Amino acid sequence: MLVDEVLAHLRADRAFMRDVCDWQRAPARPARYAPWPLELAEPLRLALGQRGIEQLYTHQAQAVEAVLDRQNVVIVARSAGGKSLCFHLPILNALLNDPNACALCLFPTKALAQDQLAKLTELAADLSISDVQRAICTYDGDTPPAQRAEVRRRARVLITNADMLHVGILPHHTRWAAFFRNLRYVILDEAHAYRGIFGSHVANVLRRLRRLCAFYGSAPVFILASATIANPKAHAEQLIEAPATLVDDDGSPHGERHVVIINPPIVEPALGLRRSADFVARDIAARLISEGLQTICFARSRNAVEVLLTYLREALPESAAVISGYRGGYLPEERRAIEHGLRQGRTRGVVATNALELGIDIGGLDACVMLGYPGSIAGFWQQVGRVGRRQSASVAVMVATADPLDQYLAAHPEYLFRQSPEYARIDPDNLGVLAAHVACAAFELPFNRGERLGSADVDDLLDALAETGELHVSDPGPLPLFRAGGAPRPAARYAWVGQGYPADRVSLRGVGERISILDERGQLIGETERATALARLHPGAIYLHQGQTYLVTKLEWTTGQAIVRPVRVDYYTQASAVAEVIVLREYARNTDPIPAAMGELEVTTTVSRYRQIQFNTHRLMGWGELDLPAQTLLTVGYWFAIPEAICRQLERIGLLGRPNDYGPNWEQQRQAARARDGYRCVICGKPEPPDRPHHVHHRRPFRAFGYVRGENDHYLLANDLDNLMTVCPSCHAKIETAEPVNRALSGLCHLLANLAPLFVMCDPGDLAATFEVTSPHTRLPTITIYELTPGGTGLADVLLERHADLLRMAAQRVRECPCDQGCPSCVGPSLDPQADADRNPKRDVLRLLESLTAALN
């Protein structure tokens with residue numbers, strides 16, 4: 001069935017249209033062409049003519065002309081807009097005209113590299129020059145060691161990724177001397193993917209690359225291709241630290257495109273609960289597949305991919321064999337087979353994470369179903385652009401989840417269609433990132449004092465490495481009495497003398513090593529990052545892979561292995577974590593009436609228990625307790641405190657309880673309570689770690705005793721040992737969140753954490769939030785939103801700038817939510833509505849927000 005027919009059926013379906021928030025149609029657009037660049041070799045024009053390409057699109061011609069004029073270029077065009085040809089043509093032109101010319105092509109994934117290898121090799125074959133065809137090689141982790149010497153010998157076009165350049169090429173540059181000496185072009189495809197901590201690392205890898213090129217006497221032109229972001233030129237120039245020409249006059253054609261926003265229906269009006277977005281996405285995808293449309297479904301996490309894949313295969317048992325999952329953690333051969341099946345049309349449906357957002361040629365898909373907002377407007381349009389890639393009509397459907405951010409967009413779909421894409425942000429001078437790459441660069445070539453790495457002054461870092469014994473400093477010696485021509489004194493020289501390869505110790509993803517997932521026979525099932533393993537692979541966790549369920553029986557932290565066994569269960573698991581925040585340094589502060597700041601934080605996270613959630617009903621089936629080591633993160637965050645005046649107003653109505661003075665005997669009684677309880681949590685029995693004391697909790701709230709310093713001694717009863725108990729941070733958080741006086745902070749924290757990604761270009765999992773009734777730093781009720789990447793990447797700066805907008809958006813979301821007492825779509829579900837009948841968590845959060853936003857006006 002054609003896309004137009006399926007769309008007509010959907011429009012006639014009242015049940016489907018009842019849930020439609022918006023349906024936008026973009027008409028088909030014809031191609032716009034430009035004259036063929038005269039500088040290109042004639043064989044190239046003839047080869048393209050054999051493929052039916054008689055003219056170039058406007059952006060292709062402009063990009064090629066600029067590159068041939070030796071300008072760095074960044075090309076912005078829609079998905080399947082022909083960006084690849086913008087760098088294929090200059091590369092092949094150079095190879096035809098110069099027998100020694102070389103090019104380096106960096107792609108963010110191996111799949112994209114393999115796809116580009118096939119395209120470039122086919123185009124070279126049409127030139128009928130076997131030497132050119134044989135000189136196009138891949139060099140990555142999948143290249144067999146026995147073939148690597150041959151690749152180094154004959155490669156003139158090297159297709160690889162930033163990771164391999166970092167760890168496998170730059171440290172061994174002497175083996176690539178001829179390649180670097182003749183390097184003409186460096187390609188960065190999907191440049192928008194180089195953001196955050198990954199982009200910050202890649203910018204430093206490019207600094208090292210340019211340093212080595214200068215050593216070998218070359219100055220390559222950089223060609224970058226990007227999806228639509230707010231700052232493509234500035235982002236490109238920050239990555240390569242050089243001027244770049246922006247080419248964004250996209251002349252490529254596209255077919256008619258329909259974009260539909262769906263909000264699942266409310267099934268429990270009082271609680272504000274909607275039908276599961278998982279089920280709605282499943283039903284829509286199953287319908288599209290059964291009516292003959294090749295469909296891709298996007299989910300925001302690996303776990304969500306496997307859950308939706310399971311549902312979809314159950315809904316279409318006769319088509320289960322032609323519906324696949326696709327995500328990180330699958331083995332390379334699995335991913336290649338899935339990509340091939342999509343191109344050939346044998347695979348009719350695929351459920352993927354954003355790994356398939358990138359420009360891999362997976363054929364002409366007809367339909368896209370997004371389970372939730374991808375986390376950025378740029379990511380939204382990238383996923384929409386994965387369908388209709390052959391100028392035919394296409395449809396993309398986004399199903400809003402219960403998250404506050406999704407519900408805001410369902411209520412305001414114009415934000416998606418009218419708001420410009422976000423800024424891609426990197427911080428190449430992040431101290432931890434820069435220090436790691438200074439060590440790598442010193443291994444590759446000695447530094448002279450005063451020499452920079454790119455634009456960064458690295459003398460202090462070189463001195464620090466010398467103090468640790470990893471660098472040897474050559475003293476230039478005393479000044480000679482007479483220096484010919486007044487020559488300057490030679491600079492101190494820093495040479496690497498440390499152990500091993502420093503690049504081996506640096507992960508570009510900032511997440512360290514990976515954990516291998518093995519079954520009981522030792523067969524490799526998949527893998528995941530060590531940083532997330534405690535939450536995903538703890539003992540008792542259900543690990544999902546290609547729709548199959550496995551029970552984690554053991555996590556071997558030291559060997560980097562998780563052992564699993566297949567099980568048949570009707571639930572999956574979600575870990576619950578508790579975070580403690582310490583402000584190490586304050587970098588900036590606003591001047592608003594609601595004080596906010598950003599700075600360096602130490603965040604200690606403990607995964608204390610996990611939920612068992614039934615597949616089809618999403619009902620909570622039970623909890624499992626865990627005793628896992630705490631993880632410490634040094635990062636950057638943004639926080640704001642509830643001002644004293646607002647606290648006093650809210651305390652009068654019992655909304656905020658905020659004792660910040662526990663009386664003069666508090667410290668003595670706190671120590672006595674911990675000693676009495678044997679320095680163990682009285683709830684879960686967990687002992688205190690050596691460097692982090694447990695908390696002490698008042699059984700009856702301290703505020704209930706009415707202590708006022710200088711007026712009474714009620715603190716004596718409040719701090720009586722019978723009223724105190726020792727609790728670990730995890731159990732303390734559970735106790736305090738359940739108290740009505742703290743639900744307003746908890747609800748606001750939930751809401752802000754979900755809305756914050758709308759202001760920055762990041763994945764929802766790049767940020768986390770926590771609240772404190774009395775922060776040690778501010779001495780006031782405080783909410784902190786922090787980055788989950790070490791050292792941060794600039795997201796906290798943006799949140800500080802947009803502080804007032806974030807609070808106003810939060811107030812708007814609470815007012816618009818139709819629930820009575822709070823739900824997952826606004827302030828989180830009411831924990832126990834009957835336990836405190838006189839309090840309404842949603843109303844309390846709204847009162848708090850109205851007080852805050854009134855102070856801003």
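**From terms to values**

Author: Gladly! The protein chain holds 29 helices and 36 strands. Do keep in mind that this is a predicted model.

Reader: What makes the size of the protein chain agree with a compact globule?

Author: The rule is 2.2 Å times the number of residues to the power 0.38. For 857 residues that gives a radius of gyration near 29 Å, and the protein chain has 29 Å, so the two agree. Along its principal axes, the C-alpha trace spans about 90 × 90 × 60 Å.

Reader: What share of the residues is buried?

Author: Buried means under 20% relative accessible area, and 56% of the 857 residues fall into that class. The protein chain exposes about 35,200 Å², with carbon and sulfur atoms supplying 50% of it.

Reader: Why do β6 and β10 count as edges of the sheet?

Author: The open sheet has 7 strands in the order β6-β7-β5-β8-β9-β4-β10, with parallel pairing. β6 (136–138) and β10 (245–247) each have a single partner strand, so one side of each lacks a neighbour in the sheet. On average, neighbouring strands are turned by 15 degrees against each other, direction ignored.

Reader: How do you know that β4 and β9 pair?

Author: Pairing takes at least two bridges. β4 (residues 73–76) and β9 (residues 221–226) have 4 bridges in the parallel sense, so they meet that cut-off. As one example, valine 74 has leucine 224 in β9 as its bridge partner.

Reader: Which strands does helix α6 touch?

Author: Helix α6 (residues 110–126) packs on the sheet, touching β6 and β7 (157–160), and its direction makes about 165 degrees with that of β6.

Notes. Residues numbered from 1 in each chain as written. Predicted model: local features only at pLDDT ≥ 70, side-chain atom pairs only at ≥ 80, totals over all residues. Heavy atoms only, no water. Helix = DSSP H or I, 4+ residues; strand = E, 2+ residues; numbered from the N terminus. Axes fitted to C-alpha atoms, helices over the stretch in contact; angles between N-to-C directions. Contact = heavy atoms within 4.5 Å. Buried < 20%, exposed > 50% of the residue type's maximum accessible area, 1.4 Å probe, protein only. Areas by Shrake-Rupley, 256 points an atom, 1.4 Å probe, with all protein chains shown as cover.
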